[in-house]
Amino acid sequence: MPNTGVKGRSSVILIREWERQMSASGCCGRLEGDFLQRRGERCFPERRAVMEAMGPLYRNLRSRYGNEVEIHVVDPRNLFTIFALILRDARAHSLSIWKALRTLFRIPVTGVVVNGRLLTRGRWPEFSELKEVLGDPRTKREEVSGGLA
Amino acid sequence: MSALVLMVVGLGAFTTGYLLYSRFISEHIFRLDSEFRTPAHVQEDGVDFVPTNRWVLWGHHFTSVAGAAPIVGPAIAVIWGWLPAFLWVTLGTVFFAGIHDAGALWASVRNEGKSIGALTESVVGQRARSLFMIVIFLLLLMVNAVFAIIIAGLFVDFPSSVIPAWFVIAVAITIGYLLYRRGVALLWPSIIGVTLLYASMVVGNTIPLSLPESMFGLGAPALWVVLLFTYAAIASLLPVWLLLQPRDYINGLQLFIGLGIFFLAVLIARPEVVAPMINSSVPEDVPSLIPLLFVTIACGACSGFHGLVSSGTTSKQVDNEKDVRFVGFLGTVGEGALALAAIIACTAGFATLGDWEGYYTAFASGGLPAFVQGGGGILAAGLGLPVALGETLLAVMAILFAATTMDTGVRLQRYIVQEAGTIYNIPALTGKGLSTIVAVGCCLALAFGAGGGGGTGGLVIWPLFGTTNQLLAALTLLVLSVFLLKQSRPSRYTFIPFLFLLTMTLWALGLQLKGFYDNGQFFLAALDIVILVTAIWVALESFSAFQKARTGESSA
């Protein structure tokens, strides 16, 4: 897993299923890309709706924070990656192992984890909720740098 | 010889291939450029195009391509001895699959994230695109039939797998309801569901279920095939959140658990390989090693389906072009490792050579039973698991993966039939009901056409399936070769694998056609001819495409 780079950099994990089959049934019969919709009908319509609903939140995050905040979009079926990210973020943001485990056992199919803590489950947060948690990343970095000096 | 040697040498080959060959290809052929703005950045929308950390992306990609699919091919192919299968899996993964998968990913990244189907049209031509669609349809047709036959065979040989395989449907539906309608946290239903599944294996061992040997004029395997397609038809009509999606979570956990304990058992037990290195006493009906080896093992050595995954979704998430090497090449290594596990299970899980030979008495007959019983023996020796329970675990693992594929496959085939109804103005085919019946009917016809009313011997279509899968891989390699040629880059590293796969495909189809005709299997002979014509068409398109590319190069 990559380092967070700048110490204290916030990390947002957007958990939602990709519109694809990840069933570990192997590659046979696995059609992707253009084949995910036929006759205008999506193969995974509910997943598609969730992906599209997350779009504005993601774009707002990018627009407001750029690379100041690390953003990961992870499919919940990619369990080991989610575990690794949450444990890494918990350590980076001084969360106890119990709190990290609590987050792990509460992660939903759709939700947001910020700095190792579960922010929302089953819904996308309003952007204002995220801003409240993330704060101003530039201010946070200055505080950390000041502390190190 | 200890199976550990196979494991270490195989994994070592994959590692070396990744460190050396993939680096060479990435630097000198694909010339991956960290400054190149990938589609994930150019078209970043937070929906389809999302720059994704390479570890996360590899996890997505690997979970999509890896599974139990590479079990069947190696399980059948070791009838020629362990060495040919081992060499094809290791060398195929490094020199064919790696460049195929990473190449499809790279070509898509360089072309706005277009899928390989769209690239086929733009790089080779409209006819090639039609060809591509025909190959896809044939593959879907065969994958459903083949997997139904595989599952039916496992139900007959391992009746202890019946209860858990059907019980999982109730588990999946419950998980689906809890996750998607009640918003329950992910981990608990998944862990409990998998635990219940394993508990049901104990029940299955205690109460093995079998169908009558004959009913309505059909043998037990044939009856299972009918039941399975009935299930797949119903499952394909249900909303995906109710059954198909929850199966994702169960299967994913199962895969890691199953493989984890298997490799651990191999490390502890260090079983001896009893199968011959090269089998000098193959049964009479076994076709020639070359070319059949290369179409019997597709997934696990080189699989055309991977190109669809690479260029379908993964390419839209590549953050930095340099990640193509990591995601593309390492994704193939994962599947190669699974194929390696299958080879070990089928060659080292028996006490004596005689025991092993008892399974491989005819082509395609002993594969999966050998995998299940050999693997069960290794689990018993390494972890102390009761042999019967270990066998049930492996059989159920293979069944669940195959059944999920059937659900998706029938669903997609229905879509294709409905689309054909729209294009050719046949309103009756545009509805869900009749189109599902048509889709399932085609697959049933193939399954029975292959195995007859008794439903036995149906795995003879496995090489046909592998051939078509290799044809898809060859098409992708052709697209890559033409793409490289148009950019004045060396194309031999993709062209030689393309030529090899096309040659083996044509050769295998010719041999099999003769066999089907001699045995009076005219249905399969007809299917073989269709695939053969498609393969010849691929050859003609390739020459045309290369001529045009070279002429264009000369003009430049």
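This is a predicted model: local features need pLDDT of at least 70, side-chain atom pairs count only at pLDDT 80 or more; totals for chains, interfaces and linings use all residues.
Trainee: What share of the residues of chain A count as buried?
Mentor: Contacts first: of those in chain A with a separation of 6 or more, 60% join residues 24 or more positions apart. As for burial, chain A has 149 residues, and the share that count as buried is 44%.

Trainee: What is the strand order of the open sheet in chain A?
Mentor: Let's build it from the pairs. Strand 1 (residues 11-15) of chain A pairs with strand 4 of chain A in the parallel sense over 5 bridges, and strand 1 of chain A pairs with strand 5 of chain A in the antiparallel sense over 4 bridges. Strand 5 (residues 111-114) of chain A is then joined to strand 6 of chain A by 4 bridges, also running antiparallel. The pairing is therefore mixed, and the open sheet of 4 strands has the order 4-1-5-6.

Trainee: Which strands stand at the edges, and how much does the sheet twist?
Mentor: Strand 4 and strand 6 (117-121) of chain A each have a single partner strand, so one side of each is left without a neighbour in the sheet; these two are the edge strands. From one strand to the next, the twist averages 20°.

Trainee: Which residues of strand 1 of chain A are buried on each side?
Mentor: Strand 1 of chain A is mostly covered, with 5 of its 5 residues buried. Both faces take part: on one side are A:Ser11, A:Ile13 and A:Ile15, and on the other are A:Val12 and A:Leu14.

Trainee: Which residue takes a positive phi in the hairpin of strand 5 and strand 6 of chain A?
Mentor: Follow the bridges towards the turn. A:Val113 has A:Leu118 as its bridge partner in strand 6 of chain A, and A:Val114 has A:Arg117. The hairpin has 2 residues between the strands, and the one with a positive phi near 50° is A:Asn115.

Trainee: At about what angle does helix 2 of chain A run to strand 4 of chain A?
Mentor: Helix 2 of chain A spans residues 79-92 and lies across strand 1, strand 4 and strand 5 of chain A. Its angle to strand 4 of chain A is about 155°.

Trainee: Turning to chain B, how do helix 9 and helix 11 of chain B lie, roughly parallel or roughly perpendicular?
Mentor: Helix 9 (residues 187-206) of chain B and helix 11 (residues 244-269) of chain B pack at about 70°, with their axes 10 Å apart. That angle makes them roughly perpendicular.

Trainee: How do the residues of that contact of helix 9 of chain B with helix 11 of chain B divide by class?
Mentor: The crossing of these helices is right-handed. B:Ser190, B:Gly193, B:Val194 and B:Leu197 of helix 9 of chain B meet B:Tyr249, B:Ile250, B:Leu253 and B:Gln254 of helix 11 of chain B. By class, they divide into 5 nonpolar, 3 polar and no charged.

Trainee: And how do helix 5 and helix 13 of chain B lie, roughly parallel or roughly perpendicular?
Mentor: Helix 5 (residues 82-110) of chain B and helix 13 (residues 305-312) of chain B pack at about 30°, with axes 8 Å apart. Such an angle makes the two helices roughly parallel.

Trainee: Last one: is B:Ile536 buried or partly exposed?
Mentor: B:Ile536 sits in helix 21 (residues 522-555) of chain B. With 13 other C-beta atoms within 10 Å, B:Ile536 is partly exposed.

Notes. Residues are numbered from 1 along each chain as its sequence is written. Chains are lettered from A and ligands numbered from 1 in the order in which they are written. Two strands pair if DSSP finds at least two bridges between them. Axes are lines fitted to C-alpha atoms, for helices over the stretch in contact, and angles run from 0 to 180 degrees between N-to-C directions. Two residues are in contact if their C-beta atoms, placed from the backbone, lie within 7 Å. Angles under 35 degrees count as roughly parallel, over 145 as roughly antiparallel, 65 to 115 as roughly perpendicular and the rest as oblique. A crossing is left-handed if the near helix is turned anticlockwise from the far one by less than a right angle, and right-handed if clockwise. Ala, Val, Leu, Ile, Met, Phe, Trp, Tyr, Cys and Pro count as nonpolar, Asp, Glu, Lys and Arg as charged, and the others, Gly among them, as polar. A residue is buried if 20 or more other C-beta atoms lie within 10 Å of its own, exposed if 12 or fewer, and partly exposed in between; C-beta atoms are placed from the backbone.
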